Amino acid sequence: MARVARKAGEGVDRVGKILYIAGYGRSGSTLLSIMLGNHPGIVDVGEVAFLAGEWVDTRRTCACGQPYRSCPFWKDLPPGLLEPEQAALLRRVERARSLPRLLSNRISPEQGRAYRAVVSELCDYVLRRSSASILVDASKSARNATGRFLALARVAGQDVYVLHLVRNGLAVVESRAVTGSNLALQGIEHKTRFPALQATLGWVSTNLLVLLLARFVPTERYLRLRYEDLVAEPATTLRRIAGFAGFDPAPLLRRLEQGEGFRVGHEVGGNRLRHSGVVHLHRELPQAGARLNRAQRLLFTLLGGWLNRLFGY
Ligand SMILES: [Zn+2]
């Protein structure tokens, strides 16, 4: 179990867990992490793997609307913790290219020590500030965070529970191809020429990698969950997650029953939902892929149909 180091005089050591949402973007991770963050014992920090990059980009703000450096949650981060040097270190350990080194335990001792120090300082800060004992990290598994959940467990020695969130690939591709990527929508990234192809390949490869990496995680530390089940049966799904990660689901179930909605916290990254203040769960899902054209649907069926079937779609 990973101990959350606490300074002398601040009370007893507390055990902290990381509930890591793995998978591809546009799979509902923002919604799920915001919901979980409404539990008094859980803090949701969104795509925290990218905090160091966002910290230096003045166009990006915390979900509360404030620039990170003036956000009441993040502003007291230890100075020097998120310098470009640390951002580069996290990327070097967590990116897809480092997987062979990560899987064969060939991360150098110095790099391992430095990585462990940054991760534990950040986790300690988040858990102390929120008084929570479970940290939800919704960094997922694409781009530079492919190996993150494994690195957090193997290199940083954290207590990691992997929640692999999947969503019907047709709906994901539709969301990317028809609506555009989150970053492109915000004018930060250029639109791509073949968004459906890119999203199909991204959805297949990212989910495949998570399935592969899950083999290196103890069975009881990996849970695969379908976004559609969260939407259709939220109470049952939240109970399942609670049983998996070891918390009492009652506060979340009460909120669901009373239709109160789920408050957005101080999340990093994520989609436009995070700027809505309070999020409500809508139970109807449109038919997946209805807005894709025939060629885009065929492309997905050829490249990703088999994986969709494996996930039960
Ligand atoms: Zn904030």
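**Labels and the values behind them**

Analyst: Gladly, and let's start with a helix pair: Ala196, Leu197, Thr200, Leu201, Trp203, Val204 and Asn207 of helix 9 meet Gln296, Leu299, Phe300, Leu303, Gly304 and Leu307 of helix 13. By class, this contact between helix 9 and helix 13 holds nine nonpolar, four polar and no charged residues. Please keep in mind that the model is predicted.

User: What makes helix 9 roughly parallel or antiparallel to helix 13?

Analyst: The axes of helix 9 and helix 13 come within 10 Å and cross at roughly 5 degrees. Angles under 35 degrees count as roughly parallel, so helix 9 is roughly parallel to helix 13.

User: And how do you know whether the length of helix 13 agrees with its number of residues?

Analyst: Helix 13 covers residues 294-310, which is 17 residues, and at 1.5 Å a residue it should span 24 Å. Its end C-alpha atoms are 23 Å apart, so the two values agree.

User: Where is the kink in helix 13 centred?

Analyst: The kink is centred on glycine 304 and amounts to about 70 degrees. Gly304 is also one of the buried residues of helix 13, along with Gln296, Phe300 and Asn308. These buried residues pack against helix 7 (169-179) and helix 9 (195-213). After helix 13 comes glycine 312, with a positive phi near 90 degrees.

User: Why is helix 7 called mostly covered?

Analyst: Nine of the 11 residues in helix 7 are buried. They are Gly169, Leu170, Ala171, Val172, Val173, Glu174, Ser175, Arg176 and Ala177. Helix 9 and helix 13 are among the elements that cover them.

User: What is the relative direction of helix 11 and helix 12, and how do you know?

Analyst: The axes of helix 11 (residues 234-245) and helix 12 (residues 250-257) come within 10 Å and cross at roughly 170 degrees. An angle over 145 degrees counts as roughly antiparallel, and therefore helix 11 and helix 12 are described as roughly antiparallel.

User: Which residues meet between helix 11 and helix 12?

Analyst: From helix 11 there are Pro234, Ala235 and Leu238, and from helix 12 Leu252, Leu253 and Leu256. Sorted by class, the contact has six nonpolar, no polar and no charged residues.

User: Is proline 249 buried, exposed or partly exposed, and what makes it so?

Analyst: Proline 249 sits in the loop between helix 11 and helix 12. It has 19 other C-beta atoms within 10 Å. A buried residue needs 20 or more, and an exposed one has 12 or fewer, so proline 249 is partly exposed. Setting aside residues up to four places away in sequence, proline 249 touches Leu238, Arg239 and Ala242.

User: How do you know whether glycine 265 is buried or exposed?

Analyst: Here the count is 21 other C-beta atoms within 10 Å. With the cut-off for buried at 20 or more, glycine 265 is therefore buried. Glycine 265 lies in the loop between strand 8 (262-263) and strand 9 (278-279). Apart from neighbours within four places in sequence, glycine 265 is in contact with Gly37, Asp44 and Ala63. The C-alpha atoms of glycine 265 and cysteine 62 are separated by 8.8 Å, although these residues are 203 residues apart along the chain.

Methods:
Residues numbered from 1 in each chain as written. Predicted model: local features only at pLDDT ≥ 70, side-chain atom pairs only at ≥ 80, totals over all residues. Helix = DSSP H or I, 4+ residues; strand = E, 2+ residues; numbered from the N terminus. Expected span 1.5 Å × (residues − 1). Bend = angle between axes of the 7 residues up to and from the residue. Contact = placed C-beta atoms within 7 Å. Axes fitted to C-alpha atoms, helices over the stretch in contact; angles between N-to-C directions. Parallel < 35°, antiparallel > 145°, perpendicular 65-115°, else oblique. Nonpolar A, V, L, I, M, F, W, Y, C, P; charged D, E, K, R; others polar.
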